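This briefing is intended for a reader who is new to the structure shown below. Please keep the sequence and the model in view while reading.

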Protein chains: 2
Amino acid sequence: MRLVALAGGTGAAKLLRGLDALLDRQSLTVVGNTGDDARIWGLHVSPDLDTICYALGGLLDEERGWGLRDESFRTLGAMVRFGEPTWFNLGDRDLATHLHRTRLLAEGHSLSEVTAKLAADLGVRHAVLPMSDQAVRTRVLGPDGWLGFQEYFVREKTQVEVRAVEYAGAHEARPAPGLLEAIGAADAVLLCPSNPVTSVGPILSVPGIVEALQATPAPVVAISPIVGGRAVSGPAGRLLAARGLPVSALGVAQSYAPWLDVLVLDEEDVALCPSIEAAGIRPLTARTLMIGRVEEIRLARKILESLG
Amino acid sequence: MRLVALAGGTGAAKLLRGLDALLDRQSLTVVGNTGDDARIWGLHVSPDLDTICYALGGLLDEERGWGLRDESFRTLGAMVRFGEPTWFNLGDRDLATHLHRTRLLAEGHSLSEVTAKLAADLGVRHAVLPMSDQAVRTRVLGPDGWLGFQEYFVREKTQVEVRAVEYAGAHEARPAPGLLEAIGAADAVLLCPSNPVTSVGPILSVPGIVEALQATPAPVVAISPIVGGRAVSGPAGRLLAARGLPVSALGVAQSYAPWLDVLVLDEEDVALCPSIEAAGIRPLTARTLMIGRVEEIRLARKILESLG
């Protein structure tokens, strides 16, 4: 079975780890969101790609949900005296990833090429692609103007009223090499339990990707990151609301209609099934909170079984 | 009293610390060797400028003679899996300096401007200038071809026969802004106890600097880094020999003749005084080994007293 998974960070990482435990090597192509990439201390940081690679390489700090296990922040501490921003928590071991990526990009390698090397070096058994080799940047309009996504998410800790979200540069971006081909060849496409607006949304903003999802005869399956009217983590609830969508699995379904085939939603939200069916989407209830490895694998198995 | 000091790394750092203890703030202009600057992991590393700034900021690891006190090497450890070179020991706290420098240079600031900011941020009370804003790179010809200075010094640990030394780029380089003016206004110019070939030599290779030393009526005073026929540290002995010069304070004097006025040499080498006088240079004997802060200050005081 060949799968493509569109992925954000923390929530996606859990499901991907579950899938990795069940799938043969190289049977999964992960397409990572790069809308929240940022330049920090002159380095190219790709938070979602790193979370995915660290998770699939068995290196993720699972308590925090980001960064490497056994991390320290000594460079960060030494940055204070230079007046460099320290709100973005770059760890010492994590820095090696960003230094290596930045050096390779500066030498002319594409983000796809660099991501493939980083993933292999980090021990990932599957293909990891950025959504695009071109820069697409998620920006959030707050009361005082536009913020880069990391400024909104990390620096302001999402405590800013969101009036609009845009994906700057999307019009000129192209899907990463091999991305559309992977969707075309996939037996199923999964939309990980990630924020529909700022994690999966940027991926879908790259011209050609939605068209490929519409065209594929394979089922497109989303896993709702909203349980019982609240996001499992992060600002997905407020961002759905800012888009005028219900803060529920139904809002997730509406984000992806009309090309979504299946929505995996939490058992707690079983009452939403008729509305989801009415939208032409097949609901599949499961326990979607993944607390610990056993639950990650259980959800992954349920999804794989539903695909036949 | 206004002093200019041409400086390499470890040996210079000791004398400069001694001078700093005796001088008013901003009475010293240190001109640092950038011939051994290198690009490591995509970062611009200036080992001698950093040793000087760390020493004058009270942050130097005095046991090693380079880098910061209380250092760790966690990023370095994480670089192994990416196949990045790890022979250059970049510490985690030290990395902040190189990241900040590299970012400012990439934004278009000159090395002089960046060095001034780093020195101030690190608590240095004096002016620190690179010898040039242009790249001059010391290269060493070994049996298997040319090596960058850090490859020779750190990676090969100087265990390579040296057939030639060159300062690539020197012809096109210009002295850093304010450098010639500082020499012109100085009451004395000191050549720190640094390697004449690969620490002071690159500084002298920048067109205009030797001419300024020849032109100044102020005394030019060198401190010999060679004691009793051996370098106090590093490969200065072998490099002098490779240049056909005696491995002694006399060889140091000959490196700087005919514009050198005073040579400070170790008491142990008092027998060389007649030969040095015969070369038209005034010898001044002192205990030049600086083991601990008291000896650093004692040598600095003796030099300052000799200047009147």
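In which order do the three strands of the open sheet with antiparallel pairing in chain B stand? The order is β7-β6-β8 (chain B), and the sheet is open. The model is predicted, so to speak of local features a pLDDT of at least 70 is needed, side-chain atom pairs count only at pLDDT 80 or more, and totals for chains, interfaces and linings use all residues. Residues are numbered from 1 along each chain as its sequence is written, while chains are lettered from A and ligands numbered from 1 in the order in which they are written.

- Strands and helices are DSSP runs numbered from the N terminus, with at least two residues (E) for a strand and at least four (H or I) for a helix.
- Two strands pair if DSSP finds at least two bridges between them.
- At the edges of this sheet stand β7 (145–148) and β8 (164–168) of chain B; each has a single partner strand, so one side of each is left without a neighbour in the sheet.
- On average, neighbouring strands of this sheet are turned by 30 degrees against each other, direction ignored.
- Five bridges link strand β6 (residues 137–142) of chain B with β8(B) in the antiparallel sense, and Thr138(B) has Tyr167(B) as its bridge partner in β8(B).
- Helix α8 (residues 196–204) of chain B lies across β6 and β8 of chain B, at about 30 degrees to β8(B). Such angles run from 0 to 180 degrees between N-to-C directions, and the axes are lines fitted to C-alpha atoms, for helices over the stretch in contact.

**The seven-stranded sheet of chain B**

- A further open sheet has seven strands with parallel pairing, in the order β5-β2-β1-β9-β10-β13-β14 (chain B).
- Its edges are β5 (127–130) and β14 (282–286) of chain B, each with a single partner strand, so one side of each is left without a neighbour in the sheet.
- From one strand to the next, the twist averages 20 degrees.
- Strands β10 (residues 220–223) and β13 (residues 262–266) of chain B run parallel and are joined by three bridges; Ile223(B) has Val264(B) as its bridge partner in β13(B).
- Helix α11 (residues 249–256) of chain B lies across β9 (188–191), β10 and β13 of chain B and runs at about 160 degrees to β13(B).

**Buried elements of chain A**

- A residue is buried if 20 or more other C-beta atoms lie within 10 Å of its own, exposed if 12 or fewer, and partly exposed in between, with C-beta atoms placed from the backbone.
- Strand β10 (residues 220–223) of chain A is covered on both faces: Val220(A) and Ala222(A) are buried on one side, Val221(A) and Ile223(A) on the other.
- Three parallel bridges pair β10(A) with strand β9 (residues 188–191) of chain A, where Leu190(A) stands opposite Val221(A).
- β10(A) also pairs in the parallel sense with strand β13 (residues 262–266) of chain A over three bridges, and Val221(A) stands opposite Val262(A) in β13(A).
- In helix α5 (residues 111–121) of chain A, the residues Leu111(A), Val114(A), Thr115(A), Leu118(A) and Ala119(A) are buried. Seen down the axis of α5(A), these buried residues fall within an arc of 130 degrees, so they line one face of the helix. The arc is that of the directions from the helix axis to the C-beta atoms.
- The cover over the buried residues of α5(A) includes α2 (47–56), α4 (92–106) and β5 (127–130) of chain A.
- Gly123(A), with a positive phi near 90 degrees, follows α5(A).

**An exposed glycine of chain A**

- Gly280(A) lies in the loop between α12 (273–278) and β14 (282–286) of chain A.
- Gly280(A) is exposed, with 11 other C-beta atoms within 10 Å.

**How the two chains meet**

- In all, 20 residues of chain A are in contact with 20 residues of chain B; contact requires C-beta atoms, placed from the backbone, to lie within 7 Å.
- On the side of chain A that touches chain B, α3 (74–79) and α4 of chain A are the elements that give two or more residues. The largest share, nine residues, comes from α4(A).
- The same surface serves both copies, as 100% of the contact residues of chain A recur in chain B.

Definitions and conventions. Contact = placed C-beta atoms within 7 Å.
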